[in-house]
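Trainee: Could you take me on a close look at the place where the two chains meet? I would like to follow it step by step.

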Amino acid sequence: MTNSIGELEWADCILVTGSNTSETHPVIATFIKRAAYLHGKTLIVIDPRRLYLVRHAHLWLRQRPGSDIAVLNGLMHVIIRDNLQDHDYIARRTENFDALKETVARYTPALVEQVSGVPAADLERAARLYAAAPRAAIVYAMGITQHTTGTNNVISLANLAMLCGNVGLESGGVNPLRGQNNVQGACDMGGLPNVFSGYQAVTDPAKRWKMEAAWNVRNLPDWEGLTLTEMLPGIAEGRIKALYIIGENPVISEADADEIINPLKELDFLVVQDIFLTETGKLADVVLPAASFAEKDGTFTNTERRVALVRRAVPPVGQSRPDWQIICELSRRMGYPMDYAGPEEIFEEIRRVTPSYAGVTYRRLEQEGGLQWPCPHPEHPGTRFLHQDRFTRGLGRFFAIDYQEPTELPDDQYPLILTTGRVLYQYHTGTMSRRAPGLVEKAPECRVEMAAADAEAYGIQDGEMVRVCSRRGEIKVRAQVSFKAIPGTIFIPFHYYEAAVNRLTIAALDPVAKIPEYKVCAVQIRKLRPSPPKAAAAAEAESHGGSP
Amino acid sequence: MSAPRMTINGVPVEFSPGQTILEAAQSAGVSIPTLCHYPDTRPTGACRVCVVELEGARSLVPACATYSAPGQVVHTDTERVDAARRMVLELMLASGNHNCLICEAGGDCELQALAYRYQIDPPAFGKPPGTTYYYEDNNSMIIRDFSRCIQCARCVKACTDRQVNLAIAVGYRGAETTIVAAGDQPYIDSECVFCGECVQACPTGALLDKHARFLGRVWERQKVRSTCPYCGVGCQIDLQVKEGRIIQVTGADAVPNRGRLCVKGRFGWHFVHHPERLKTPLIKENGSLRKADWEEALNLVATRFAELKDREGPDKIGGWCSARITNEENYLMQKFMRAVLGTNHVDHCARL
């Protein structure tokens with residue numbers, strides 16, 4: 001996030017798009033809802049589903065899945081047409097405005113309505129609400145990024161924010177909500193194929209020399225590695241022979257999952273390190289038992305770049321060990337001793353080689369309760385919001401982006417759009433959440449959310465088992481007629497291995513971010529049995545419920 | 001311009017405009033007892049425990065719901081105030097079945113603490129013996145025991161103002177007044193999303209975390225501050241631990257969550273002690289996994305990695321960091337892959 005979670009409550013306008021915030025980041029949603037409900041601030045939701053957050057929204061724009069760029073260009077079209085942009089900010093802080101202006105000029109509300117289904121009048125209203133707010137925050141998540149145009153979707157949001165001078169001020173910004181507890185930290189620490197910790201490029205000789213000196217090694221590789229979504233196909237191509245997987249369950253979480261299981265079996269050697277024996281672990285040659293978060297010390301970095309302590313509360317279960325100890329043991333056995341007394345000593349090394357973390361210490365975290373990077377020196381208070389006086393590259397650059405259709409659109413054979421995501425009561429592949437009795441009680445099994453009109457069109461009753469097929473696979477899943485679904489688009493969460501929706505999704509990747517298009521693919525849906533017993537359907541319907 | 005001033009218990013104090021008498025007193029170090037007051041919510045003045053004498057006012061005023069004004073003269077500790085508070089507490093104790101012996105809130109109950117402080121005798125006007133109270137135990141997370149409810153409605157404020165879930169409200173009127181969810185339904189059949197904010201807000205034992213019941217009194221628990229292992233919000237949590245096991249998780253009053261949690265953070269921690277946790281390394285032999293000790297497993301991994309590196313070159317091995325492990329561990333993993341194995345094939349699930 002460019003800004004902080006707490007600032008959202010005081011934004012004059014919040015635009016939420018591609019984020020089912022109240023189910024996937026419920027506590028961030030409380031700040032957004034407080035802004036709208038308690039302080040009367042403007043909330044605009046742009047999403048293909050009628051999310052719970054829509055109840056608190058002043059305006060809901062319902063776009064066709066994948067048409068985000070058309071909608072965002074349409075908003076900018078109206079703002080520039082009506083001269084509502086922040087001229088001073090554009091002049092002082094940005095460049096390439098004319099290219100943007102030229103491109104969005106084509107996105108008239110009428111055209112956008114045709115492409116996206118968003119009524120022109122609503123688009124105009126949303127544009128004026130966003131532009132009128134002195135401080136407007138944009139909040140987005142995987143609904144924006146998990147597209148073949150994911151990178152361009154994000155750039156378009158940045159265009160919109162800069163157009164109205166909303167980057168670099170409190171309660172504004174462009175705020176991606178990271179999905180997992182330490183996904184921000186994993187990126188910050190160099191868990192990426194192209195950078196060391198602190199986003200220092202592996203292709204930059206100076207950075208490589210610095211790390212070689214710090215680590216006392218020579219000849220660190222100077223080429224960019226493969227991303228996770230490239231490593232898997234790389235197995236069949238012979239580019240990858242062995243994998244060491246920590247805390248990840250790709251058999252469930254990867255797009256086009258049937259295409260994952262077989263390559264994993266083809267590996268010469270697969271090591272899986274996790275707290276449970278996952279579906280991926282079952283394919284491994286060696287499984288190493290890791291300690292859970294409650295059994296070790298360390299730090300996580302949250303979505304607002306805040307580093308916070310994780311503390312050992314209970315002893316490791318069985319013979320399980322913290323991941324850092326396991327890595328140290330392996331390293332020692334391979335002739336490179338890593339002798340750390342504990343996580344704090346590792347963190348001290350991180351500080352030395354990572355400028356944005358240099359001012360963070362365990363002692364400060366203990367006393368101040370969390371610090372937001374960049375925090376370049378021990379007296380630095382941390383950074384609540386980014387880009388205050390200048391962007392990282394100097395001027396903020398507008399990019400002229402055109403709308404592009406998703407890779408797979410519905411047709412006669414596969415007439416529905418499938419979009420995937422999470423539900424409130426479950427998390428990711430369910431390894432943790434499906435072992436909590438309360439969460440299982442509320443969300444015991446996979447359900448496909450569909451609109452009443454679609455259910456009727458396909459003769460499907462609420463609670464009935466159905467078969468959902470794409471060109472890549474099929475799953476059986478229980479139907480749930482839901483007010484959240486809009487005719488033509490169904491939603492299936494990806495938490496359940498027995499109805500693994502990623503058997504259906506398409507492994508089409510964004511060319512830059514290599515993120516799969518989880519949010520749009522074409523499917524068909526069929527009844528599993530001719531007619532279900534009515535009593536069973538009624539009993540199922542009763543066990544639904546709950547809305548954040 | 002200097003800050004406006006008022007007088008509390010004969011001492012002149014400054015206050016900020018918009019502060020209630022309660023907040024002004026708190027800033028000045030004067031403690032006023034409260035039961036319904038809850039930070040980050042709008043004042044309701046429901047419990048009347050915080051009443052104070054305000055010179056010029058006809059009756060006692062609730063400090064939590066009366067705004068400070070320049071020149072106000074407030075007394076927080078007079079005989080009249082004391083008597084009113086005692087009466088309120090006596091009525092509360094009489095309104096239910098406040099038996100502390102096996103109450104989960106014992107030692108952590110704000111009503112119990114005030115009864116002790118004001119030395120309230122057993123209720124003079126108790127309800128007739130055999131009076132029954134609503135008791136709800138039909139979900140696996142939250143128990144509602146209205147025999148211990150004092151109708152302070154702090155739960156409603158927590159649900160409405162803090163979480164903005166709008167799932168519960170004060171229902172009915174007069175002596176029938178009670179807390180209701182969705183037209184007086186059990187939580188499980190209502191719009192409740194089980195964030196448990198109401199449980200954390202309840203000053204007595206009327207709303208309970210069902211998992212934690214009978215697992216340990218408040219003074220037997222050790223609280224360990226940590227960070228939630230679910231989504232990327234990074235909520236600060238207190239792991240409440242007894243004898244090496246987590247028995248409850250509560251939201252810490254810290255940034256970013258300010259005490260709030262969601263259903264996963266509060267009720268989703270059982271995986272830690274789940275019997276299916278991996279307890280030993282496993283090695284695949286003849287197509288199935290068998291138990292192994294650490295020596296054998298680590299040696300095997302190190303040997304195989306070394307062999308593969310020699311035979312195929314370093315760029316044939318990939319390593320996946322994880323969004324589930326700590327910064328320190330992610331850092332070591334990429335260091336291991338780069339410095340020891342010599343590959344940049346390092347990534348994690350950020351895209352999923």
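**Where chain B meets chain A**

Mentor: Happy to! Keep in mind that this is a predicted model. Let's start with the polar side of the meeting: between chain B and chain A there are 68 residue pairs in polar contact, with both residues at pLDDT 80 or more. On the side of chain B that touches chain A, helix α8 of chain B, residues 327-341, gives the most, with 15 residues. Sorted by class, that side of chain B has 57 nonpolar, 33 polar and 27 charged residues.

Now for the charges. Chain B and chain A share 7 salt bridges. One of them joins Glu276(B) to Arg435(A), where the closest N and O atoms are 2.8 Å apart. This pair counts as a salt bridge because a side-chain nitrogen of Arg lies within 4 Å of a carboxyl oxygen of Glu.

Next, step back to the whole contact. Chain A puts in 158 residues and chain B 117 residues. Together they bury an area of about 11600 Å², and 65% of this comes from carbon and sulfur atoms.

Finally, look at the strands. Strand β14 of chain B, residues 282-285, pairs with strand β11 of chain A, residues 286-289. The two strands run in the antiparallel sense, and the pairing covers 2 bridges. To find your way there on screen, pick Val286(A): opposite this residue stands Ile283(B), which belongs to β14(B).

Note on methods
Residues are numbered from 1 along each chain as its sequence is written. Chains are lettered from A and ligands numbered from 1 in the order in which they are written. This is a predicted model: local features need pLDDT of at least 70, side-chain atom pairs count only at pLDDT 80 or more; totals for chains, interfaces and linings use all residues. Side-chain values use heavy atoms; hydrogens and water are left out. Contact means heavy atoms within 4.5 Å. Buried area is the accessible area (1.4 Å probe) that two parts lose on being put together, summed over both. A polar contact is a pair of N or O atoms within 3.5 Å; within protein, one must be able to donate a hydrogen and the other to accept it, and residues adjacent in sequence count only if both atoms are side-chain atoms. Helices (H or I, at least four residues) and strands (E, at least two) are DSSP runs, numbered from the N terminus. Ala, Val, Leu, Ile, Met, Phe, Trp, Tyr, Cys and Pro count as nonpolar, Asp, Glu, Lys and Arg as charged, and the others, Gly among them, as polar. Two strands pair if DSSP finds at least two bridges between them.
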